Amino acid sequence: MKVPAFLTALDGPVHRFLFAAALAMALLPLSGAADAQQPRTDSATVRDGPLPRAIGREALGVYNQANTLRSLGPYRVDSGAVVERDVAVVDGPVIVAGHISGRLVAINANVELAQGARIDGDLLVVGGRVTGVAGAVIGGGVRVYRGRLDYLEEGDVLVSTDTTGRVQAGLEDFWLQWRARDRRSGVRFKLTTAKSYNRVEGLPIMVGPEYRAPRAWGGTELRVFGVFRTANDFRWDSENIGHDVSGEISLGRDRGLRLSGSLYDLVRPVEDWQLAGDEVGLASFLLRRDFRDYFDAHGGSVNAGLFIGPDVELKLGLADERWASRASRDPFSIFRNGIAWRANPAADAGKFHVADLILRVDTRNVVDRPWSGLYLLADYEHGSGRVSEFAELSPGVRPIDDSRVRYGRGFLDVRRYSRISPGAQLNLRLVAAGWLHGDPLPAQRRLSLGGPGTLPGYDFRGLAGNVDLGQCSTLTVPAGSPAQCDRVVLAQAEYRGDLHLHDLGRMGDWLGRGWRHGAQWVAFANSGRGWLVSHGDPTVGEPLQLSRGAFPRLASFRTDLGLGVDLGLFGIYVARGISDPGQRTNFYLRLHERF
């Protein structure tokens, strides 16, 4: 990259802001000015009678999150101490004299708040009482349910006995599960879905036994699941039947080594980093809009990883897989059921050996709705194999010299969450991914931008302007408009503020906190583009194709701006692209935060 060309490319205020913000991510404080203003103190809402099932699921959901600080038995936060994450305590009591920067959930435990104690999130007490609310500073709501929660310990998670052996349903996860547990052997028989719905499989159903044996030195897990795909009229054939058999041994509890292996015949997404599986599944089931493409992976893998608590993990994986294309089926959808599904693009078919080295660092105080911390995912993939059938791509995208393929691919996702006041936060994200060395990338390892998960002001798989910088198509677009970019870069920034719906009384409490979280307004900007790397084919030139060491001018990036309201259970957003004339305004719904 030539420095003068890079600097002269900063010719737009939005581009300057986004990329200056992305480069400053490592310098931002985790808490910002959170101490500049004290949160409000809410009075407690106390309910007698049996515990509502939804509240029990909420309490266990916080406890079972990987980043939650958990305690079985008495727990105390001394004066001056700061706990930078959610806290969940079972069979307390809980005494708080210091500062908890997340939520506090007490299960079958009493909570005592000392004068000046501070909790930035919600306080939820199940099966207990709370004292000292008037002298404490609590940023969220205070809810107390006198009914106790009956639970079972299954490994390192808690499961409500009210749901064991029953059918569970949840809109956020968009999945069903049934299980029956043999307490003597530790084996559970499980019937669940793959937590999504798509135009290739319909609703994938997974059924089989699961064994978990936690030990003081770590533990073991074993799963033997059959996979049944429902899209093809429930026919019992090789297209509809798959399997997923996996086992894991953990050596160490807080830190140590994990060894795992698996055998599988699964349908996998081409790009799973843009939207969560339940969001993709709900859009497919309701609106007949599938925001992913898929291919078949049949083979096995072994993995070895080092971990330090829930925050840091370094993992090496080796896989031997046979890849194949999957055709679109015609599964049912609630709306627009009479129109055809978008074709599922063809994949490169053949046998591949894949090695992955993955580093994950996650210091977010809360996984589902963080307001402080860092998330980093760095993935280097080296693949080699022989292609028996190449997928159709646009002319000039990929020169084909040999069926033997050897490539290197990288993926970097860095996010920084900063609470800059008790009611506001600034979140930043930078994604850089694509070809690093070797032969051109296989079709199912290519990338794209556009749609609700990346550039919501631009349509998913839509064309904008004279050059396709979203999918990197050239003269003709193959069926299904596949992802074809060798490299992509994306910068995202958002500012979140409290809507203060608690001022509306009971209705505001239902809107803002009845779904577990406070309501927020969101202003955001996104900028990014994809491009091709020159592999000696002169038919495609700039700005779509660049030399291997070049970085595109920021003036060529696609940029959008938007606003939204996040109610916790879901968010409603509006976005519009500003880099290309004639872009329409897009409205969309998300089940999770934007990133």
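Let's start at Leu316. At 43% relative accessibility, Leu316 counts as partly exposed, a class that lies between buried (under 20% relative accessible area) and exposed (over 50%), using a 1.4 Å probe and protein chains only. Leu316 sits in strand β25. Strands here are DSSP runs of E, at least two residues, and helices are runs of H or I, at least four, numbered from the N terminus.

A word on the source. This is a predicted model, where local features need pLDDT of at least 70, side-chain atom pairs count only at pLDDT 80 or more, and totals for chains, interfaces and linings use all residues. Residues are numbered from 1 along each chain as its sequence is written, and side-chain values use heavy atoms, leaving out hydrogens and water.

The largest nonpolar core has 23 residues. By core I mean buried Ala, Val, Leu, Ile, Met, Phe, Trp, Tyr and Cys residues joined through side-chain atoms within 4.5 Å. Which members touch the most others? Leu104, Leu113 and Leu123 do. Elements giving two or more residues to this core include β8 (104-107), β9 (111-113) and β11 (123-126). There is also a second, separate core of 21 residues, with Leu449 and Cys472 among them.

Next, helix α4, residues 277-287. Eight of its 11 residues are buried, so α4 is largely enclosed by the rest of the structure. Gly277 and Leu282 are among the buried ones. What covers them? The cover includes β24 and β35 (585-590). Just after α4, Arg288 takes a positive phi of about 60°.

On to charges. Side chains of opposite charge can pair when their charged atoms come close. A salt bridge here is a side-chain nitrogen of Lys or Arg within 4 Å of a carboxyl oxygen of Asp or Glu. How many are found in the whole structure? The search gives 39.

Arg223 and Glu210 pair at 3.0 Å, N to O. Arg223 is in strand β21 and Glu210 in strand β20, so the pair ties together parts 13 residues apart in sequence. Glu210 is buried, at 4% relative accessible area.

Arg461 meets Asp293 at 2.7 Å, N to O. Arg461 lies in the loop between β29 and β30, Asp293 in the loop between α4 and β24, so this pair ties together parts 168 residues apart in sequence.

Last, Arg445 and Glu381: their closest N and O atoms are 2.6 Å apart. Arg445 is buried, and so is Glu381. Salt bridges with shared partners also join Arg188, Lys190, Glu210, Arg212, Glu221 and Arg223 into one network.

Definitions and conventions
Contact = heavy atoms within 4.5 Å.
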